[in-house]
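Please read this briefing alongside the sequence and the coordinates.

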Amino acid sequence: MKPDKKQNQYRVNDQIRVREVRIVGESGSSVMPTKQALDMARQQGVDLVEISPNANPPVCRLIDYSKFLYQQKKRAKEMKAKQVKVEVKEIRFGPQTDEHDYQFKLKHAKEFLEEGNKVRAYVFFRGRSILFKEQGEVLLLRFANDLEEYGKVESMPSLEGKKMFLYLAPKKAGVAKKSQQARDREANESEMKETVKVQRPNVEIDTETPANGGLFANAKISADALKKLTETAEEEN
């Protein structure tokens, strides 16, 4: 069995060989000889655990050592769960991407940004298609404009070899997916509204949902939109 690194991280009871320690607890803190602190721990049926060895004097707690280790592991697990892992998602285009493919990739990019991930979109020029690099730049600028609500431009389109890249960062932190319990609660609330509507038809229930901003499928990037994107990127840089 592998040794527990956490268990060897702290000195406990007789392993604490300094002259005096600071005991911290719910009632405050106090400095006392280590021998006195060990006697208190024995009387209370707990352990003397050194939690801050570099302090002067070292800081200790009177607590059951196994309980203390459990609390430390639980706290570390909670902190890890709160961390948002940012990934870079790639979206690839051709210089002559059709409208259906564009909308499909735009939808995925929106999801990536809403989850808190970055997006690296690029146009790949194969063979003589490099002659259409201006067309690829317009495509990426349109892409950035359509995602303005979800992401901000980190760098404007730039050509690197046979690829032209555009980098987008999320405007908002990632949103965790709803739990099954939350989805069930929403379903129950919806069912209750429907029941009220049937039983009390004269009662008005606000069932409106915000209009979807939508995407202008065939919209072309105007000079003002391009200028706006350029100015925004320059200001942020």
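The points below concern a predicted model and are grouped by topic.

**Confidence**

- The protein chain has a mean pLDDT of 77, and 68% of its residues reach 70 or more.
- Where pLDDT is low, the predicted coordinates should not be read in detail.

**Helix α1**

- Helix α1 spans residues 34-44, and its buried residues include Thr34, Ala37, Leu38 and Ala41.
- These four residues lie on the same side of α1 because they cover an arc of only 100 degrees around the axis.
- The exposed residues Lys35 and Gln43 are carried on the face of α1 that is turned away from its buried side.
- Among the elements that cover the buried residues of α1 are the strands β1 (20-25), β2 (28-33), β3 (47-52) and β4 (59-63).
- Just after α1 comes Gly45, which takes a positive phi of about 70 degrees.

**Glu50 in strand β3**

- Glu50 is found in strand β3, and it counts as buried because its relative accessibility is 3%, the cut-off being under 20%.
- The side chain of Glu50 makes a polar contact of 2.7 Å with the side chain of Arg11.
- Leaving aside residues up to four places away in sequence, Glu50 touches Tyr10, Arg11, Ile16, Pro58, Val59 and Cys60.

Notes. Residues are numbered from 1 along each chain as its sequence is written. This is a predicted model: local features need pLDDT of at least 70, side-chain atom pairs count only at pLDDT 80 or more; totals for chains, interfaces and linings use all residues. Side-chain values use heavy atoms; hydrogens and water are left out. pLDDT is the predictor's confidence in each residue, from 0 to 100. Buried means under 20% relative accessible area, exposed over 50%, partly exposed in between (1.4 Å probe, protein chains only). Helices (H or I, at least four residues) and strands (E, at least two) are DSSP runs, numbered from the N terminus. The arc is that of the directions from the helix axis to the C-beta atoms. Contact means heavy atoms within 4.5 Å. A polar contact is a pair of N or O atoms within 3.5 Å; within protein, one must be able to donate a hydrogen and the other to accept it, and residues adjacent in sequence count only if both atoms are side-chain atoms.
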